[in-house]
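This report describes how the secondary structure elements of one chain are arranged and packed. Please consult the sequence and the structure shown below while reading.

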Amino acid sequence: MASRFKVVIFDWDGTLMNSEARIVSAIQVAAKRCGLPVLSAHQSKQIIGLSLDRAIGQLYPQAKSSQVAEMAKAYTQHFLYESEVEMQAYEGAVELLVSLRQAGYLLAVATGKSRKGLDLVLQKSGFGEYFDITRTPIESASKPDPLMLNQILMHLSLKADQALMVGDTTFDMQMAQSIAMPRVAMSHGVHELERLQTFKPLASFDHLNELQAWLLED
C-alpha cells in the first residue's frame, strides 16, 4: 500500500520533534508576561500545530487583537532565545528520513511553526537537507486549512492520492482529509489516538521505526 506514494509530508512538532514541553512552557511564560491566565499544560498543548496567532486566539478567546500580538511576541522571544527546556527529535527520526530518501521518496514539512522558527530548528537539527519543500503559515494558512498541502502538491506536480500526510494532531488529520489525502497518525505526540482515529487514517503508529517499516515494506 505504501509504495504508491511519491511524497511523505510530515508535521514537525509532536511528529518528528519532541518539543511539547518547550512549547507549553513558552505559552505559559508568555501568558504570565502579558497578564493573561496561565493555563494548565494539558490545556496549553491542545493548540500545538496551529499558527501562533490562531493558537493564542483559541486558548484566549477573550483576548483583544493587541493582546494576541503581544503574547505572540513574548512567546517567540522565550521559545527561540530564552527557554532552557530542551527538545529533541523522536527516536528513529534520522533513520526514517535517511531511509526514505534512499528509497526514492520526496519529503516535505507542513507545520504550524513560524518560518523563522522552522528554519532555525532545521538548521540546528541538521534535518533541513532531507526535505524538498517546507511550508509554514507565514507563506500559507494555518491548519486545518489545507492550503499548505495544496502548495506542496503544486510545487511537486503531484495529486493528493500520491501523497501521505503524517501527523500527531487532529489538525493534521483534518487538513489531509479535507482534500482526500491519505494520512497516518502518530500516537507519540499531542492528541490522543482515539481522537486521531475519527479522521480514518490508513494506519497509526506509536514509534517512527514502525512507520519506517510500513513505508518500506514490499
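## Packing of helix H3

The model is a predicted one. Helix H3 itself spans residues 52-59, and its buried residues are Ala 55, Ile 56 and Leu 59. Seen down the helix axis, these buried residues fall within an arc of 95 degrees, so they line one face of H3. An α-helix has 3.6 residues a turn, so residues three or four places apart point the same way.

Two packed helices are described by the angle between their axes and the distance between the axes. For H3 and H4, the axes come within 10 Å and cross at roughly 120 degrees. The crossing of H3 past H4 is right-handed. On the H3 side, the contact involves Leu 52, Asp 53 and Ile 56; these meet Val 68, Met 71, Ala 72, Tyr 75 and Thr 76 of H4. By class, the residues of this contact comprise six nonpolar, one polar and one charged.

## The parallel sheet

Six strands form an open sheet in the order E5-E4-E1-E6-E7-E8, and their pairing is parallel. At the edges lie E5 (133-135) and E8 (203-205), each of which pairs on one side only. From one strand to the next, the twist averages 20 degrees.

Several of the pairings can be followed residue by residue. Strand E4 (residues 106-110) is joined to E5 by three bridges, and Ala 110 has Arg 135 in E5 as its bridge partner. Four bridges join E1 to the parallel strand E6; Ile 9 stands opposite Met 165 of E6. Strands E6 and E7 also run parallel and are joined by three bridges. Val 166 has Val 184 of E7 as its bridge partner, while Gly 167 is bridged to Ala 185 of E7.

In E6, five of the five residues are buried. Ala 163, Met 165 and Gly 167 lie on one side of E6, with Leu 164 and Val 166 on the other, and both faces are covered.

What is the burial of Arg 183, Val 184, Ala 185 and Met 186 in E7, and which way do they point? All four are buried, with Arg 183 and Ala 185 pointing one way from the strand and Val 184 and Met 186 the other way.

## Helices packed against the strands

Helix H7 (147-156) has Met 148, Leu 149, Ile 152, Leu 153 and Leu 156 as buried residues. They cover an arc of only 135 degrees around the axis, so they lie on the same side of H7. The buried residues of H7 pack against strands E1, E4, E5 and E6, and also against helix H8 (170-177).

In helix H10 (residues 208-216), the buried residues are Leu 208, Leu 211, Gln 212, Trp 214 and Leu 215. Their arc around the axis is only 165 degrees, which puts them on the same side of H10. The cover over the buried residues of H10 includes E1 (7-10), helix H5 (93-102), E6 (163-167), E7 (183-186) and E8.

## Loops and backbone exceptions

Most residues other than glycine have a negative phi, and most peptide bonds are trans. The peptide bond from Lys 143 to Pro 144 is cis, with omega near 5 degrees. Pro 144 belongs to the loop between E5 and H7. Asp 145 lies in the loop between E5 and H7 and is partly exposed, with a relative accessible area of 37%. The C-alpha atoms of Asp 145 and Phe 79 are separated by 25 Å, and the two residues are 66 residues apart along the chain.

Lys 200 is found in the loop between H9 (193-196) and E8, and counts as exposed at 64% relative accessibility.

Methods: Residues are numbered from 1 along each chain as its sequence is written. This is a predicted model: local features need pLDDT of at least 70, side-chain atom pairs count only at pLDDT 80 or more; totals for chains, interfaces and linings use all residues. Side-chain values use heavy atoms; hydrogens and water are left out. Two strands pair if DSSP finds at least two bridges between them. Helices (H or I, at least four residues) and strands (E, at least two) are DSSP runs, numbered from the N terminus. Axes are lines fitted to C-alpha atoms, for helices over the stretch in contact, and angles run from 0 to 180 degrees between N-to-C directions. Buried means under 20% relative accessible area, exposed over 50%, partly exposed in between (1.4 Å probe, protein chains only). The arc is that of the directions from the helix axis to the C-beta atoms. A crossing is left-handed if the near helix is turned anticlockwise from the far one by less than a right angle, and right-handed if clockwise. Contact means heavy atoms within 4.5 Å. Ala, Val, Leu, Ile, Met, Phe, Trp, Tyr, Cys and Pro count as nonpolar, Asp, Glu, Lys and Arg as charged, and the others, Gly among them, as polar.
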